[in-house]
Each structure stands twice: as C-alpha cells, then as structure tokens.
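Subject: A structure for you to explore

Hello! Here is the structure I promised to pass on to you. Have a look at it first, and then read my notes below.

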Amino acid sequence: MTLDFSLTIVTEGMTRLIVPADHCSSGPSSASMPVFYNPQMEFSRDLSVALLSNILRDGDSFLDGLAAAGSRGVRIARECDRRIGLHLNDSNPRAVELIRKNLELNGIDDASVTEADLRQILLTDSFDCIDIDPFGTPVHFFPMAIGAVRNHGVLCVTATDTGTISGIFRNACLRKYGCRASRTPFAHEIGVRNLVGFIAREAAKIDVGMSPIVSFYADHYVRTFVRIKKGAKEADRTIEKLGYCCFDPVTLDRTYSSDRAEGGIGPIWIDRTSDPQTLGELRIPAKLGTVDRIIDLKENLVSETRMNRPFFNIDEFSRKLKRNPISMSVLLSRLNEIGFATRTHFGPKTFSTSGSVEEISKAFH
Ligand SMILES: C[S@@+](CC[C@H](N)C(=O)[O-])C[C@H]1O[C@@H](n2cnc3c(N)ncnc32)[C@H](O)[C@@H]1O
C-alpha cells in the first residue's frame with residue numbers, strides 16, 4: 001500500500017520514527033489523523049522503555065496491541081538491551097503500513113505484524129507483556145487482556161478518558177468502570193485507583209490476581225503496569241485490596257477504607273498503586289528525552305507509597321482558612337516536624353501527609 005499522506009522523521013530516545021508530517025508538535029493529537037502519533041506521549045513511551053528494560057527478561061514476548069505508527073513497540077525492541085519477541089497490531093491498514101516502515105528503518109526484521117481487531121488476538125494468543133494504549137477508555141479489551149498475559153507477565157494499560165475514570169462524569173464512571181464516584185479535589189488519584197481497581201476486578205472474574213508495579217497520572221491520561229498472577233487464591237488476595245474512599249468537603253478529611261460508607265467512592269484500589277522496591281531499583285537509561293521528568297516521577301512515587309490517604313492541595317486549605325497559600329517547602333518542613341509529609345506527582349501544589357486536617361490547618365498559621 002502507498003501511503004496517501006506526507007511523512008516526517010522524528011527521534012525518540014535512541015529510535016528514529018517515521019510519523020505523519022501533520023501531527024501537532026504539542027498537546028493531544030486527534031483520532032482523526034490518518035495514523036495516530038502524539039509527541040506529548042514521548043514521556044509515556046520513555047517510561048515504558050525505562051521500566052520494561054528493567055523488568056522484562058531475555059526472550060520475553062511483547063504485544064503492542066494498539067500500535068498506531070508502532071512507536072512504542074519499536075522503541076521497546078530497539079532500546080531494551082535484551083531480545084524481545086515483538087508483535088505489533090493495529091486495525092488501521094495505514095497504521096500497519098507505517099509500522100512496517102518503522103521496523104525497516106530500525107533494522108528489526110523478526111517482528112510479527114497484524115492488521116486485526118485487538119480483541120481477536122487477545123482471545124487466541126498469549127504474551128509475556130501486553131500494552132494497551134487506546135483512544136479513551138480501555139474497558140472494551142477486558143477481561144480478555146488479562147487472560148492473554150502469561151502467568152507472572154505484565155499488562156500495561158493507559159486510559160485517556162480522565163473525566164470519566166476520575167469520577168467527574170459520575171454516570172459514565174459507573175457505566176464504564178462500575179465505580180460510584182463524585183467530583184473531588186483529588187480526582188486524578190481516584191482515576192489511578194479506579195483504573196487499578198477495575199483491572200483487579202476484571203482479573204478476579206477469571207480467577208486471576210495482580211499487583212501494581214507502577215501507576216501514575218500525567219498530562220491527560222492515567223497509566224498502570226500490573227503483574228499478572230494466575231489462580232483463584234491470588235485473585236482472592238487481590239480483591240482484599242479493593243475498597244472505598246470517604247471525603248468530607250466541609251472538613252476536607254479523606255480516608256480509604258475497606259467498608260462501604262454512605263457516599264463512599266468505589267470500589268477502587270486502596271492499597272499501594274506502585275511497588276517501592278521495583279521503583280527503588282529502577283535504572284533509568286540516560287538517553288531518554290524526558291529523563292529528568294522520569295527521575296522526578298520515580299522519586300515522588302516512592303515517597304507516595306509511604307502514605308495511604310488521598311493527596312491534599314495547598315489551595316484547598318488556603319481557601320478554607322481564607323489565608324494566602326504558603327510555600328510547599330515551608331508546609332512540608334512544618335508537617336515533617338510532627339510526622340511525615342511529601343510532595344506528590346499529581347501537581348506542584350499537592351502533598352500527602354500523616355498529619356490530620358487540624359495539623360495541616362495549624363501548619364498554615
Ligand atoms: C492512541 S492510538 C495508539 C498510540 C500508540 N500506542 C503510540 O504510542 O503512539 C490507538 C490506536 O488503536 C487503534 N485501534 C482502535 N481500536 C482498535 C481495535 N479494536 N483493534 C486494533 N486497533 C485498534 C487505532 O487505529 C489507533 O492507531
């Protein structure tokens with residue numbers, strides 16, 4: 001097939017990629033492009049390269065299930081310093097043509113490429129690692145995606161429907177994710193916990209357990225990497241980590257609990273959403289374009305795993321107390337005198353602490 005749109009070459013990490021020339025240079029790209037390529041997602045692809053080059057084993061198979069131009073899969077095969085059995089798939093024939101060009105440009109001649117509905121592949125094949133990076137919600141690919149990951153393999157999932165998954169659109173959140181939610185000042189954390197909780201419940205339906213390796217919110221999406229553990233006992237252990245979030249908009253207090261209280265948000269994942277050991281041992285390749293941002297994310301996620309309560313925002317307290325916002329470093333040093341406090345990856349004004357809302361309020365005086 002001859003492609004009927006103009007192309008350009010970009011470089012991400014150590015990989016050169018042929019992509020549509022009319023992709024925008026920043027911000028989300030549109031689903032109406034002939035083949036999808038979003039330069040803003042370089043950070044997400046860099047993080048995939050960093051994490052998967054640490055946790056995949058030599059000879060593992062990797063399915064880039066919604067590959068578009070193939071940017072993610074080609075980068076994994078090219079930049080992870082081990083042999084990866086690469087399979088790329090997209091239902092768009094122009095995307096498949098571009099995937100072939102990108103494999104050729106990068107000298108990869110042993111990858112398999114298919115032009116299929118991902119759901120068909122998930123029903124018939126299995127892989128050590130599967131990446132699902134859709135337009136919007138990933139729910140259409142469950143629970144098949146879990147069944148298609150081999151035992152102890154890794155499932156990587158993005159959701160870009162942030163308003164829905166974060167509970168801002170309550171009805172859509174209940175329809176798509178089976179989660180009763182409401183708008184909160186920590187909506188992006190609800191988004192991350194809702195995605196992990198959804199995967200846990202879908203896995204449990206087919207007697208599979210899982211544990212999150214890395215989960216985060218960035219730009220306009222939430223993403224998680226989870227380890228799949230087959231067996232009903234693993235599924236039972238996993239669903240113990242589901243629960244609810246209670247938020248009082250008057251006092252600003254917020255907690256996670258395994259019990260469903262009136263108005264509670266859930267079911268969502270209420271345990272750690274990232275594994276501090278994997279993150280602590282993560283070696284980040286220096287050649288990644290967004291290496292500084294990845295180091296920041298890693299440090300924040302490691303600190304956040306010490307707390308198990310939704311994050312706070314400085315502006316919530318300055319509004320409630322009718323006081324000017326104070327600097328993050330002053331606030332953290334005051335809270336660290338009486339307990340533990342850390343910045344979070346959810347935004348520059350967000351923090352997580354063992355302090356009570358009264359103690360946080362005092363720290364503003
Ligand atoms: C957001 S893009 C993927 C971006 C890509 N992973 C990257 O990093 O650049 C989603 C892709 O999924 C493809 N797609 C949508 N539904 C599909 C399905 N059911 N089966 C296979 N491909 C599908 C679209 O053609 C599109 O290329």
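The axes of helix α1 (residues 42-55) and α2 come within 10 Å of each other and cross at roughly 40°. Helices here are DSSP runs of H or I with at least four residues, strands are runs of E with at least two, and both are numbered from the N terminus. Axes are lines fitted to C-alpha atoms, for helices over the stretch in contact, and angles run from 0 to 180 degrees between N-to-C directions. Please keep in mind that this is a predicted model: local features need pLDDT of at least 70, side-chain atom pairs count only at pLDDT 80 or more, and totals for chains, interfaces and linings use all residues. Residues are numbered from 1 along each chain as its sequence is written.

The crossing of α1 past α2 is right-handed; that is the name if the near helix is turned clockwise from the far one by less than a right angle, and left-handed if anticlockwise. Which residues make the contact? From α1 they are Arg45, Ser48, Val49, Leu52 and Ser53, and from α2 they are Ser71, Arg72, Arg75, Ile76 and Glu79. Two residues are in contact if their C-beta atoms, placed from the backbone, lie within 7 Å. By class, this contact has three nonpolar, three polar and four charged residues. In that scheme Ala, Val, Leu, Ile, Met, Phe, Trp, Tyr, Cys and Pro count as nonpolar, Asp, Glu, Lys and Arg as charged, and the others, Gly among them, as polar.

**The sheets**

Seven strands form an open sheet in the order β5-β4-β3-β6-β7-β9-β8, and the pairing is mixed. Because β5 (112-114) and β8 stand at the edges with a single partner strand each, one side of each is left without a neighbour in the sheet. From one strand to the next, the twist averages 15°. Two strands pair if DSSP finds at least two bridges between them. Strands β7 (residues 149-159) and β9 (residues 221-230) pair in the antiparallel sense over six bridges, and the bridge partner of Val154 in β9 is Arg227.

Helix α2 comes back here: it packs on the sheet, touching β3 (61-64), β4 (85-89) and β6, and its direction makes about 160° with that of β3. Helix α8 lies across β7, β8 and β9, and runs at about 160° to β8.

There is also an open sheet of three strands, in the order β13-β15-β14 with antiparallel pairing. Its edge strands, β13 (312-313) and β14 (341-343), each pair on one side only. Three bridges join β14 to β15 (residues 350-353), and Thr342 has Ser352 in β15 as its bridge partner.

**Around the ligand**

Which residues come nearest to the ligand? Of the 20 residues around the ligand, they are Leu66, Ala68, Ser91, Leu118 and Asp133. A residue counts as near a molecule or strand if its C-beta atom, placed from the backbone, lies within 6 Å of it. The shell has ten nonpolar, four polar and six charged residues. Helices α2 (71-79) and α4 (118-124) each supply at least two residues of that shell.

**Two domains**

The domain assignment gives domain 1 (7-301) and domain 2 (311-363); such bounds come from an automatic or database assignment. Their centres, taken over C-alpha atoms, are separated by 30 Å. Twelve residues from domain 1 and nine residues from domain 2 take part in the contact. On the domain 1 side, α8 (187-205), β8 (208-218) and α11 (291-304) each supply at least two residues. The largest share of that side, three residues, comes from α11.

**Backbone details**

Most residues other than glycine have a negative phi, and most peptide bonds are trans. Asp207 is not a glycine, yet has a positive phi of about 60°; Asp207 sits in the loop between α8 and β8. The peptide bond from Phe142 to Pro143 is cis, with omega near 0°, and Pro143 lies in the loop between β6 (127-132) and α5 (144-147). Another cis bond runs from Gly266 to Pro267, and Pro267 is found in strand β12 (residues 265-269).

Happy exploring!
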